[in-house]
Every structure is written in C-alpha cells, then in structure tokens.
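Take a moment to look over the model below and turn it around slowly. We will follow a few strands and then some pairs of charged side chains.

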Amino acid sequence: MKTVFVTFLLFFSMFIGFAQEKSKQQIKQEKIIVKQNEIQALVDSKEYEFVASTAYPLGTRSIDLTTNPNYLRFKKDSIFSEMPYFGRAYAGIGFGKGGGLDFKGPIQDYSITKDKKRYTILAKVKDNSDYYSITLIVFLEGNASLTINSSNRNSINYLGRVDQIKVN
C-alpha cells in the first residue's frame, strides 16, 4: 500500500511540474505577442524613436554608444536626429561642421514593408545642408538596425532598439 501511495505521489508531483512548465512557456509566448503588438502599433502610428547601443562606421571597428545619448525620432511627417557620427566627411561640409548627424526635417519619402520577422522602413529627409536616406529595420521584438546614407558623408550603421518617444 505504501508503494502505491509513493508511486501516486511521484506521478502527481511530475504532473504538476509539467503543468507549471507549460504555463511558463505560455507566459513567455504571451509576452512575445504583447511586444510584437506594441511594435506594430508604434510603427503604424509613425511616432517612435530609435536609440542606438552600437555604431558601425564604414571601414572601422564598432563603437559602444551605451553612455552616449542619441536618438532618431519619427513624428508623423518629420524626422529628428541626434546621432553621433564616426567616419569620413566630404568637401561639402565646412571646416568644423563635421559633428554628429544632427538634423530635422519633413519626410520626403516614407515606405514600410513587413515580412514574418521584421519591418523595413525607408525614409528620406533634407535639411539646410544635406540630404539623408534612412533605412530602419525593426524586428518584431523591438531590436533594430539603422543605416544613414548622407550626400556629404560615408554611410554609417547603428544597432539598437525602437520604442516609444521618451522626452528628456
């Protein structure tokens, strides 16, 4: 009788263990779905920001940006950028004006394509001194890759995250 009771307790404890594991998996899956819906809502609203954690200048090693405040904000029909720049500037940029990619302006072209794993956002903006072509790839969990091509500088790539706009 004791062995039947012990066997029953072992079986019951294993059953509860599997039931808890399944619920953990369900919770994880639900969090993923919530984050995907959040990203979709942000992209659809055209109001979000990209914050970079790493810069990849053309022809050199990566640069950690975790302690360097930066952003590229999409606000309906305009783009606002305060991104650091590391790379080569051409003759069109005056002496002492080769700082970061700090610009703002109305979006001239904007398109979004979506596949199973990501959104690809293409945008163009012109400010007083330069013309920028922006490619932002946003993965469904919020990670993103940003490439900025400029008419006066080498292109640069950034890795980071897309999230709601945070005003400091």
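Start at Lys75, whose bridge partner in strand 4 is Ser78. Helices and strands here are DSSP runs, of at least four residues (H or I) for helices and at least two (E) for strands, numbered from the N terminus. This is a predicted model, in which local features need pLDDT of at least 70 and side-chain atom pairs count only at pLDDT 80 or more, while totals for chains, interfaces and linings use all residues. Residues are numbered from 1 along each chain as its sequence is written, and side-chain values use heavy atoms, with hydrogens and water left out.

Now widen the view. Strand 3 pairs with strand 4 (residues 78–83) in the antiparallel sense, over five bridges; two strands count as paired if DSSP finds at least two bridges between them. Together, strand 3 and strand 4 make a hairpin with two residues between them. In that turn, Lys76 has a positive phi of about 50 degrees.

Strand 3 also has a partner in strand 1 (residues 47–57): the two run antiparallel and are joined by four bridges. Here Lys75 turns up again, as the bridge partner of Glu47. How enclosed is strand 3 (residues 71–75) by the rest of the structure? Four of its five residues are buried, so strand 3 is largely enclosed. Buried means under 20% relative accessible area, exposed means over 50%, and partly exposed lies in between (1.4 Å probe, protein chains only).

Next, look for charged partners. Side chains of opposite charge can pair when their charged atoms come close. A salt bridge needs a side-chain nitrogen of Lys or Arg within 4 Å of a carboxyl oxygen of Asp or Glu, and by this rule the count comes to four. One of them joins Glu49 and Arg73, with the closest N and O atoms 2.7 Å apart. Glu49 lies in strand 1 and Arg73 in strand 3, so this pair ties together parts that are 24 residues apart in sequence. Glu49 is buried, at 4% relative accessibility, and Arg73 is buried too, at 12%.

Another salt bridge links the side chains of Arg118 and Asp115, at 3.7 Å from N to O. Arg118 is partly exposed, with a relative accessible area of 32%, and Asp115 is partly exposed at 38%. Asp163 and Lys166 also meet in a salt bridge, at 3.3 Å from N to O. Of this pair, Asp163 is partly exposed at 25%, and Lys166 is partly exposed at 46%.
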